[in-house]
Amino acid sequence: QLLSCLASRIAKMWSATSTPEKTGLITLRGSTETVVEFFGYAINSILYQRGVYPAEHFTSVPKYGLSILVTKDKGLQEYLGEVLRQLKGWMMCSQVRKLVVVVASQVTEETLERWTFDVQVNDTQAALAVPQTQADKVREQKEIQAIIRQITASVTFLPLLDEPCSFDLLIYTDRAAEVPTAWGESDPKYIVGGSEEVKLRSFTTKIHKVDGAVAYRYSEAGA
């Protein structure tokens, strides 16, 4: 089941001490919050780096040991907040399989880029509270840092988007997922014609694993 929010499309822990290190617990809720928070920052970074919104619509905030640009646009903040809240609800029921950020031409509506984040959940771990050491937290942050850095570096390997663009967010869910009235089924908005894909890094919380990739359309000159 592939869903897209039909709201106006917007463009431009309990812990225990042990030796040798302190060990806490991560639950499905904690893992879900980590993944949803990552998606929020990743989407903002994509919109900034790909020029979907003007640079002056963003401000820098510290996160993951990095400076990440996030939107100041109230309308966009509300839209993303709505999507992420619904995403969190579905993830708490282990019903999300994929999130896709689609960047399209405003003029032709053709898809120019698809940023895909596959979500895998360990159902056995999701039913439990899984031990999480400080080393696990450090590893997780470094893995997320690597993905954000790849998004930041995307201007060096993706074609220049020299036309006004819009974006859409698609979420692949299980058929059993309850769909709010503001959402509806969508086509996958695949890239038509020649395309190339670049794999991004992955990260894991022990309960969820997120794998990223970006596909982009060849320009006519390079086709």
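How many disulfides does a search of the whole structure find? I ran that search on this predicted model, and the count was zero.

**Cysteines.** I then looked up the accessibility of two cysteines. Cys93 has 51% relative accessibility and is therefore classed as exposed, the cut-off being over 50%. Cys165, in contrast, is buried, its relative accessible area being 3%. I noted for reference that a disulfide is a covalent bond joining the sulfur atoms of two cysteines.

**Nonpolar cores.** I next examined how the nonpolar residues group. The largest nonpolar core comprises 49 residues. Within this core, the residues with the most contacts are Phe38, Phe39, Leu87, Trp115, Phe117 and Phe167. Helix α1 (residues 28-49) supplies the largest share of this core, with nine residues. I also recorded a second, separate core of six residues, among them Leu28, Ala126, Val130 and Ile207.

**Phe117.** Which residues does Phe117 touch, not counting those up to four places away in sequence? I listed Phe38, Phe39, Ala42, Ile46, Arg97, Lys98, Leu99, Ile147, Leu200, Val210, Asp211 and Gly212.

**Val138.** My last entry concerns Val138, which lies in helix α4 (residues 134-152).

Key: Residues numbered from 1 in each chain as written. Predicted model: local features only at pLDDT ≥ 70, side-chain atom pairs only at ≥ 80, totals over all residues. Heavy atoms only, no water. Helix = DSSP H or I, 4+ residues; strand = E, 2+ residues; numbered from the N terminus. Disulfide = S-S within 2.5 Å. Buried < 20%, exposed > 50% of the residue type's maximum accessible area, 1.4 Å probe, protein only. Core = buried A, V, L, I, M, F, W, Y, C linked by side-chain atoms within 4.5 Å. Contact = heavy atoms within 4.5 Å.
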